Structure formats: C-alpha cells, structure tokens
Amino acid sequence: MRKTFSSFIFILIAIIINSCGEHRYPSYLVMADSLCDTNPDSALSMLYTIGKDSAQMPEADLMYWRLLRIKAADKAYIPFTSDSAAVAVMRYYEDGGDRALLPTAYYYAGRASADIGDAPQALDYYQKALDVIKYNRYKRLEGLIHSQMGYIFSMQNLYSQAQLSWTKALETAKKEEDVRTIEYSLRDLGDSYINSNQYDSAYSCYSQALNVAKKQSDKFFEYDLYSQIAYLKTITNDFDSALYNIRKSLLYYHPVQESSKTCIAALLFEKMGKIDSAYYYFNKLNYCGNIYGKENAYRWLSMYYSEKNMSDSACKYTALYGMILDSISHTYAIESTAKMNAMYNYQNREKENKKLAIENTNKKILIIVFFSVIIMMALAILYIVSYSMQRSKLYKLKIEKYDLLLEEYNKQTALNQKNQESINNNEIVKKIRRILNNDKREEKLKEEDWLMLHKAILEKYPNFDSALHDLYAKIRTHDIRVSMLIKIGIKPVDIAYLTSHTEEAISSTRRRLYERAFNKKGKPSDWDKTILAIG
C-alpha cells in the first residue's frame, strides 16, 4: 500500500512538472553549461562540436547554445570585441525566451559592453540583471554582478562606489559559501583601499584573503597575495615585512604573475637602496615584464646607465623607454576616447529630454578629442622620427643573432638528436604522446600538465623563457604553449588538438609570431626553426 501511494505521488509530481510547460534542454547542453565554470576550454570545444548540428536545433536550444558559447569564451578569458552577439541573445530572452536565463543574458551583455569600453551601458545591463534576480539560485550570479560593477567603478577612479559593490559581492559570496568570489572580493577591496590611501583597511582585506587561500590550498592566489602585501608594505616603508612577503611570493612561479612580482621586487630594492638587487629585477623585466613592467624597467635602467657613464646602454634604454611610452600613450588615448564616446551615447539614450545639454557636452568632448588626437599624433610622429632608425637597428641585430643560432643548430645534428631523446623520456612528454597515440583522443592537457611541460623544457633548455620574450615581448600564454609543443617535436595538427584550435589557426599563430619577432614576412616553419634553435 505504501509503495503504491509513493508511486502515485511520484507520477502526480511528474504530471504537474510537465504541465507547467517548462522547456527541457538536452543533457549535452546542460553538461556544457556545468563545464563553463570548471573547464571553459573543454566547454568551448564541446560547444563547437555541438554547433555543427545547430541548424537542426529548436530555437530555445539554439539560443541556449549561443548563450553558452558567450559564457564559455568569457570564462576562458577571451575578450569581447563586439557586443552584438551578446545583445542579440539578451533581446531574445527579453522578448519571450526562457525567463530563467534572462539574468545570465543581461550579465554577459554587460560583460561585452565593459570589454568594448562602454562602461555606462555595462552598468545598465548589470542593474537590469539585479532587478530580475528573485530566487536564491541566482545568488552566486548576483555576487559576480556586484564584483564586475566594482571593476567598472574602479576603472573610473570611483573608489567609494567600487568598495560598496565589492562589499556587496563579498556578503553574497559568504552566504553562498562561494570561496572563489570571497577571495577575489577581498583582494579587490584591498586594491581599492590602496588606491584611496586606506592602508590599514587594505592590509586587513589581504590578510583575510590570504587565510582563505591557505585553507583552500590555492597556491596561485596565495602567492599572488604575498606580492600584493609586499607592494603595500613597500609603499608604507615597512621594508622588513615587504622583503619577507616578496621572497615568499617568488617561491612560486606562474607566468601570469611573473611581471607584477618582478616589478614589485625591483621597486622594493630600489626604495631600500639595494642597487645591485634592484638592477637584477629591473633587468629581468626585460624578458618577463608586461608593457607597464617594461616601462618601469627602461626608465630605471636608462638612469642607472647614465649614472655609470655607460652612454651606449643609456641611449639604448632611453630609446626603448620612449618607444614604450609611445605605445602606452596611444593605448591611453584610444581608451579615453572610447570612454568619452560611450558616456555620450549612454546619456543620449537615457536623457533625451536634455538633448540641447547633451549636444553642448558632445561639442566639448569633440574639441577635447580633437586636440588630444592632434597632440598624440604630434608625439607619435616625433617618436617615430626619433626612434625609427634605432628600431630598425634592433631588428637587424636580432635577425643576425638568430641566424647565427640557427646556423649553429643545423651543424649540431648529433647533439640535437640527443637532446630530443632526452626530453622524450620526461614523464609529461610521454603523457602527451600517449594522448596523441590514443585513437579516441578523449583526454586533454590540464593546467598542471602545461606547468609540468614548462618546467621540463626549462630543465633541458634553461634559456627558453628569456629567448621567447626576447623574440616577442608581448607573447601570450597560447603562443608559449604552441612554442613549447614545437620544442618537443609535436606536429602542427597535433598542436591544434592539444590547444583546442584548428590547424589553420596554429599555422596563423606560427606565422604571426615570426613576423612580430623579426618584423618581416615568414612561413610558419620559419618560427619552428627559430624555436628549435633556441634554448
């Protein structure tokens, strides 16, 4: 009797659920959705495969698939270059699609607007997402929205609003026990407090974030926080604490963190008056620094060599400093123009009743933009005239250097074969070849596998990293991975599989890297030869 009653209740519940008319999405789309947060690269690959049959999908499934592609790309740190796809998906859910997905659609429309520089529109979409969130199942998304609003306010130097948004994100994350958002919200709050000179509050946030990271055994975040604390202690002249924390931070290597850690160490030793140590780290920024790290390095090295009366080196770094300032100034001008245009467009949409005032504001903006562009063009021309000969000389020297390396490599056939056999015996290389030899090819490399491969290559070719950054200072993680796979003798078609790209994309990457490195056209195989010769 009890069993019959239970069966009746189960059937009744099923009938009620079905009668509600809620659309049931295919299991493979639901699975891809769950992968977006944990393994976005795999999610993108899976969605690419699913997309081959997109023409046969019902409209609801097709739009969900499009939303997931946007979500996975964002989670994989692929920046938006346009908001058209995200806005189109958002409009669908606004106009009668699955209302449960509307907050997510608003969120990614906001992410796209933020990436293309339309901060006011991004804030508008984020606020709409918050307005339609009504159920507890969206609390984690609510925390992300507050966090992203915090970034936008911070980029506009509105630190009090940024702190309010990150505080809300932190409160939501604590309720949901969302450890990742707790860590990032505390760190971002700390950064904001530094920008507003609230150093005690900044240290409190960093300390709390560090405790969370240690409990979660999150080494990447833990050692990043050591460097942030080191920076805080450096600017507050607490050198003993700064030294302790930067040394802790430098114990852990990750390419993403290397530029900021090295720059903080350099600034610390400069401030402490330890010139030899400062020189070591500023010089290291030549190879591992991002554009802002290199700016600091070239400025300092120029002054250092001037004081040493080493005029050739001083002139070299003065020229490099001027070139990188040109690049930074150009980027700043573009971003500033984009922000002003975005602000105008937003005001034009939201305040039509103040049309005349907006037109006057627009004229002022155009005048500012016009004179800004004129000034930037004048500066750019001055830099081009002043440093074009120096730039050409640097490229010529680089080409000669790597021609000699390639010639030497071609002569040492036996040694090259021995090195290849040696690295083939490494466990991570064996694993890669085992993956490639499997006909089903169901396995992909994880983040830790890439780090192990990087370590294995450095053990055999200790100059590999410095040579890569010497070839192309702005080299990306994907480019480094492609180059590592070339170094261990993996074919382009297999590189495409391991990096979740097409073979054509890998060929394009190799060709692009050669052209950027030597400022001349080349074939994909030219980059392969260069990579095989270095190390």
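Visitor: Which residues of α16 do Ile275, Ala278, Tyr279, Phe282, Asn283, Leu285, Asn286 and Tyr287 in α15 meet?

Guide: In this predicted model, the contact joins the listed residues of α15 to a set in α16. Sorted by class, the contact of α15 with α16 has 12 nonpolar, four polar and one charged residues. The partners in α16 are Gly293, Lys294, Asn296, Ala297, Tyr298, Trp300, Leu301, Tyr304 and Tyr305.

Visitor: What is the handedness of the crossing in which α15 passes α16?

Guide: The crossing concerns the two axes that come within 9 Å. As α15 passes α16, the crossing is left-handed.

Visitor: Is glutamine 163 buried or exposed?

Guide: Glutamine 163 lies in helix α9 (residues 159-176), and, leaving aside its neighbours within four places in sequence, it is in contact with Leu189, Ser192, Tyr193, Ser196 and Gln198. Its relative accessibility is 12%, and since the cut-off is under 20%, glutamine 163 counts as buried.

Visitor: Is tyrosine 244 buried or exposed?

Guide: Tyrosine 244 is found in helix α13 (residues 239-250), and its C-alpha atom is separated by 9.9 Å from that of serine 227, 17 residues apart along the chain. With a relative accessible area of 51%, where the cut-off is over 50%, tyrosine 244 is exposed.

Visitor: What covers the buried residues of α5?

Guide: In helix α5 (residues 84-94), the residues Ala86, Val87, Val89, Met90, Tyr92 and Tyr93 are buried. After α5 comes glycine 96, whose phi is positive, near 125 degrees. The cover over the buried residues of α5 includes α4 (59-75), α6 (102-115) and α7 (119-132).

Visitor: How many contacts beyond near neighbours in sequence does the stretch of residues 331-347 have in the model?

Guide: The protein chain averages a pLDDT of 81, and 87% of the residues score at least 70. Over residues 1-21, however, the pLDDT is below 50, and this stretch has two contacts in the model beyond near neighbours in sequence. Over residues 331-347 the pLDDT is also below 50, and the number of contacts beyond near neighbours in sequence is 21.

Notes. Residues are numbered from 1 along each chain as its sequence is written. This is a predicted model: local features need pLDDT of at least 70, side-chain atom pairs count only at pLDDT 80 or more; totals for chains, interfaces and linings use all residues. Side-chain values use heavy atoms; hydrogens and water are left out. Axes are lines fitted to C-alpha atoms, for helices over the stretch in contact, and angles run from 0 to 180 degrees between N-to-C directions. Helices (H or I, at least four residues) and strands (E, at least two) are DSSP runs, numbered from the N terminus. A crossing is left-handed if the near helix is turned anticlockwise from the far one by less than a right angle, and right-handed if clockwise. Contact means heavy atoms within 4.5 Å. Ala, Val, Leu, Ile, Met, Phe, Trp, Tyr, Cys and Pro count as nonpolar, Asp, Glu, Lys and Arg as charged, and the others, Gly among them, as polar. Buried means under 20% relative accessible area, exposed over 50%, partly exposed in between (1.4 Å probe, protein chains only). pLDDT is the predictor's confidence in each residue, from 0 to 100.
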